[in-house]
There are 4 protein chains.
Amino acid sequence: MSGDRVFTSSRKAISRLHDNGGYGKVQDGKLFLSLLEAAYLVEKGRIKVTDNERELSVEELMELGRRRDDCFDVKYITYRDLRNRGYVVKSGLKFGSHFRVYRGRTDEHSQWLVWVVPENTKMSPNDITARVRVAHGVKKAMVMAVVDEDGDVTYYEVKWVRL
Amino acid sequence: MSGDRVFTSSRKAISRLHDNGGYGKVQDGKLFLSLLEAAYLVEKGRIKVTDNERELSVEELMELGRRRDDCFDVKYITYRDLRNRGYVVKSGLKFGSHFRVYRGRTDEHSQWLVWVVPENTKMSPNDITARVRVAHGVKKAMVMAVVDEDGDVTYYEVKWVRL
Amino acid sequence: MSGDRVFTSSRKAISRLHDNGGYGKVQDGKLFLSLLEAAYLVEKGRIKVTDNERELSVEELMELGRRRDDCFDVKYITYRDLRNRGYVVKSGLKFGSHFRVYRGRTDEHSQWLVWVVPENTKMSPNDITARVRVAHGVKKAMVMAVVDEDGDVTYYEVKWVRL
Amino acid sequence: MSGDRVFTSSRKAISRLHDNGGYGKVQDGKLFLSLLEAAYLVEKGRIKVTDNERELSVEELMELGRRRDDCFDVKYITYRDLRNRGYVVKSGLKFGSHFRVYRGRTDEHSQWLVWVVPENTKMSPNDITARVRVAHGVKKAMVMAVVDEDGDVTYYEVKWVRL
C-alpha cells in the first residue's frame with residue numbers, strides 16, 4: 001500500500017483477483033484495488049495489505065475510506081452484501097451512481113446501477129430521476145440500495161414507465 | 001353542483017360517465033363526482049357544472065379543490081394526464097397512495113397504485129418502502145408520479161427486488 | 001468503534017448481546033451494533049465503546065447519530081423506551097416503519113411495526129393508511145409511537161376496521 | 001322547518017323516527033332533527049321537509065348545513081355510510097369527535113366515537129391523541145373515518161396501548 005492506493009505486482013494475484021474475480025484495475029502491470037475492494041478482501045482473508053511492512057486491519061482500511069468519504073460505511077455494507085451474493089461490483093461514478101453491478105464478468109454489460117441510500121436520508125425526487133434517466137439511457141436497471149439501521153440492505157428497482 | 005358536491009340524476013349522464021367512463025360514484029340513483037373528476041370533465045367540455053344556475057369554469061372548480069387540499073394542483077395534473085392516456089383513475093387512499101389506476105373497467109383489478117410527488121418534496125426512504133410494500137402485498141405496481149415545475153408528469157415504477 | 005460502526009469480535013459479548021439480547025448483527029464472526037443499540041447499551045453500562053482507545057459517552061454516540069439523522073433523538077427515545085420494557089427492537093424499514101418489535105426472540109414473528117411520530121409533525125391520512133395496510137398485509141399490528149416535548153412516548157395501535 | 005331547525009309534532013313520526021330509529025331529539029312534545037338527519041331522511045324518501053309550505057330538496061338542506069359547517073359534506077358522507085350500514089348515529093361533540101355510533105338503541109352505551117377526516121387534511125398527532133384519550137376514558141373505541149376523493153369511507157380504530 002502506498003498513500004491510499006492498494007496495489008500488487010504479483011502476476012498470480014492479478015490473475016486470481018482481477019481476471020477471475022473482477023477486482024481492481026490493472027495499470028502498467030500492477031493491480032490497483034479501491035479501499036472498498038481491499039477492505040472486503042482483507043475481511044474475507046483473501047489478501048493482506050501492508051503499509052511500511054505493517055499489516056493493516058479491515059478497520060484501518062475502512063478508517064482510511066471514511067476520511068475521504070462520509071458514506072464509506074453504508075457503501076461498504078452494500079458492497080459486501082453484493083459481493084457476498086456473487087456479483088462483481090465496480091464504481092458507478094461515471095453514471096452518477098455508486099456501483100455498477102455485474103452478474104458475471106465485467107466485459108459484459110453491467111446489469112444494474114446501484115445507488116446507496118441510508119435509511120435516514122432525505123431525498124428529493126430529482127436524486128432519483130437523474131439516476132433513472134442515466135440508467136435508462138445506457139439500458140441498465142437503476143437499483144436503490146436502502147441500508148437500514150441494522151445494516152441490512154434492501155433493493156428497490158426504479159424504472160421509468162411510459163404509461 | 002351544491003357545495004363541493006357535483007352530481008346529476010340524469011340516467012343518460014350516469015350511463016355515459018359512470019358505466020362507460022368509470023367516473024364518480026352512484027348512490028341512491030344519483031351520480032356524484034369528485035372535484036378532480038368534475039374539473040377534468042368540464043375541461044374536456046363533457047359536462048357543465050352549475051351552482052345556483054351559474055356555470056362554473058375549470059378554474060373555479062380547481063379553486064374549490066385548492067381550498068381544501070394544498071396538493072390539489074399536482075394531483076389534478078396527474079389525474080388529467082392519466083385520464084388523457086385512457087386510464088380510469090380512482091382514489092388510492094386505502095392503499096396509502098393517491099390513485100388506483102385501471103387499464104379498463106374498475107371491476108377488474110387495478111394495475112397501479114400511483115403516488116403523486118411534486119418535484120420539490122423531500123422524501124424519506126421510509127415513505128417509499130411503505131408504499132412499495134403495500135403494492136407488493138396486493139400484487140400491484142407502485143408508481144411514483146413526479147410532477148415537475150412545468151407541470152409535466154413522469155412515472156417511475158418502484159419494485160422490491162431480491163438480488 | 002471505528003467510524004460509525006460499533007463492533008466486537010469477543011465470543012462472549014456476541015453470545016451475551018446478540019444471542020441472548022437480540023442486539024446487532026453478526027457478520028464474519030463480528031458483532032456489529034447500530035448507533036441506537038450502541039448508545040443504549042452504553043447508557044445501560046453494558047458495553048464500553050472506544051474510538052482510538054478513548055471511551056465514548058452516550059452523548060458522543062448520539063451526536064454521531066444526529067449528524068446523519070434529523071430524527072435520531074426521537075428514534076432513540078422510542079428505542080430506549082421499548083428496550084426498557086423488555087422488547088427486542090430491530091429496523092422496520094422493509095415495512096415502511098421505523099422498528100419491528102418482538103416480544104421475545106427475533107426468530108419468531110415480530111408483533112408490531114412501530115412508526116415514530118414526534119408530537120409536532122404534520123401527517124397526512126395517507127401516511128397512516130399506507131403503514132396500516134402494510135401491517136394488515138403481514139398480520140402485524142401497526143403502532144404509532146408519539147413522542148412528546150418532554151420525551152415521553154405514548155403508543156397507539158391503528159387498525160383497519162370493517163364496520 | 002323553521003330557521004335551521006327541522007321538527008315535527010306528529011306522534012306517529014316521533015314514534016317511527018325517534019323511538020325506533022334513533023333520529024332526533026324530543027323536546028316539549030316535538031321531534032327536532034339535525035340537518036344531517038333531515039337530509040338523510042329526505043334522501044331516503046322517509047320524510048318531507050317544508051319551509052313556508054315549500055318542500056326542500058336534499059341539496060337545499062345540505063346547502064343550509066354547509067353555511068354553518070365547512071365540513072358538512074364529508075360529515076354527511078360518513079353519516080350516510082354509517083346509517084346505511086344500520087348504525088344509529090348521534091353527535092359526538094361532547095367527546096370531541098363528530099359522531100357517537102351505536103350498534104342498536106341509543107339507551108345503550110355507544111360503541112364508537114367517530115372522527116371524520118378528509119383524505120387531504122394535514123393532522124397533528126395531538127388531533128388523534130386527544131380523541132383517543134377521551135374515548136379511552138369513557139370506554140369507547142375511537143374510530144377515524146377517512147373520506148377519500150371518491151367519497152368512500154374507510155374506518156381506522158385507534159387505540160392506546162400499554163406496552
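The radius of gyration here is taken over C-alpha atoms, and the globule rule is 2.2 Å times the number of residues to the power 0.38. Select chain A: with 163 residues, a compact globule would have a radius of gyration near 15 Å, and chain A agrees because it has 16 Å. Before going on, know that this is a predicted model, where local features need pLDDT of at least 70, side-chain atom pairs count only at pLDDT 80 or more, and totals for chains, interfaces and linings use all residues. Residues are numbered from 1 along each chain as its sequence is written, chains are lettered from A and ligands numbered from 1 in the order in which they are written, and side-chain values use heavy atoms, leaving out hydrogens and water.

Now colour chain A by secondary structure: you'll find five helices and ten strands (DSSP runs numbered from the N terminus; helices are H or I with at least four residues, strands E with at least two). The C-alpha trace of chain A spans about 60 × 35 × 25 Å along its principal axes.

Next, jump to chain D and select residues 112-118, strand β8. Is β8(D) buried or exposed? Seven of its seven residues are buried (under 20% relative accessible area, with a 1.4 Å probe and protein chains only). Show side chains: D:W112, D:V114, D:V116 and D:P118 lie on one side, with D:L113, D:W115 and D:V117 on the other.

Finally, select β9(D), residues 141-147, which pairs with β8(D) in the parallel sense over seven bridges. Look for D:M142 opposite D:L113.

Terms used: Buried means under 20% relative accessible area, exposed over 50%, partly exposed in between (1.4 Å probe, protein chains only). Two strands pair if DSSP finds at least two bridges between them.
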